[in-house]
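Please keep the sequence and the model in view while reading.

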Amino acid sequence: MCNPELLQSVQKIQAILKRNLISCKVDDSGQSIGRRYARTDEIGIPFALTVDFDTVKDGTVCIREVDSCKQVRVPEKEVGELMKNLAHGIVQWEHVAKTYPAFSV
């Protein structure tokens, strides 16, 4: 990842997730987003977060759920608590999909 703005956003989101005890790994393989999603699907990762130029512009992160492949945009300040609640079953994906704006490419 060579764009300094994206790198800064990735590091910020990674720190937020770690503060909320959410395990995360940055995929900076250079593959297309579709291949990255396919790789996470194969190994059973339930949610994938994408930091992109919209993150830099408006401070939102894309969250994709593996079973439905639906995506939403979530403000970065809410992503840590939301992911923790999803991981612990406090919040269900259906609620998230209704609460946050849908995102499609």
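In which loop is Leu 21 found? Leu 21 is found in the loop between helix H1 (4-19) and helix H2 (33-42). Here helices (H or I, at least four residues) and strands (E, at least two) are DSSP runs, numbered from the N terminus.

The model is predicted, so local features need pLDDT of at least 70 and side-chain atom pairs count only at pLDDT 80 or more, while totals for chains, interfaces and linings use all residues. Residues are numbered from 1 along each chain as its sequence is written, and side-chain values use heavy atoms, with hydrogens and water left out.

**Overall arrangement**

The chain contains five helices and three strands, and along the sequence they follow the pattern α-α-β-α-β-β-α-α. Of its 105 residues, 36% count as buried. Buried means under 20% relative accessible area, exposed means over 50%, and partly exposed lies in between (1.4 Å probe, protein chains only).

**Loop residues and cysteines**

Most residues other than glycine have a negative phi. Leu 21, although not a glycine, has a positive phi of about 60°. Cys 69 also has a positive phi, near 60°, and lies in the loop between strand S2 (60-65) and strand S3 (71-75).

| Residue | Relative accessible area | Class |
|---|---|---|
| Leu 21 | 78% | exposed |
| Cys 69 | 38% | partly exposed |
| Cys 62 | 1% | buried |

A disulfide is a covalent bond between the sulfur atoms of two cysteines. How many disulfides does a search of the whole structure find? The search finds zero, where a disulfide is counted as a pair of cysteine sulfur atoms within 2.5 Å.

**The sheet**

Three strands form an open sheet in the order S1-S2-S3, with antiparallel pairing. Strand S1 (47-50) and S3 stand at the edges with a single partner strand each, so one side of each is left without a neighbour in the sheet. The twist averages 30° from one strand to the next. Two strands pair if DSSP finds at least two bridges between them; four bridges join S1 to S2. Leu 49 has Ile 63 in S2 as its bridge partner. Helix H4 packs on the sheet and touches S1, S2 and S3, and its direction makes about 120° with that of S3. For such angles, axes are lines fitted to C-alpha atoms, for helices over the stretch in contact, and angles run from 0 to 180 degrees between N-to-C directions.

**The nonpolar core**

In soluble globular proteins, nonpolar side chains tend to be buried together. A nonpolar core is a set of buried Ala, Val, Leu, Ile, Met, Phe, Trp, Tyr and Cys residues joined through side-chain atoms within 4.5 Å. The largest one here has 17 residues, and those with the most contacts inside it include Ile 63, Val 72, Leu 86 and Trp 93. H1, S2, S3, helix H4 (76-87) and helix H5 (93-99) each supply at least two residues of this core. The largest share, four residues, comes from H4.

Leaving aside its neighbours within four places in sequence, Trp 93 is in contact (heavy atoms within 4.5 Å) with residues including Phe 47, Ile 63, Val 72 and Leu 86.
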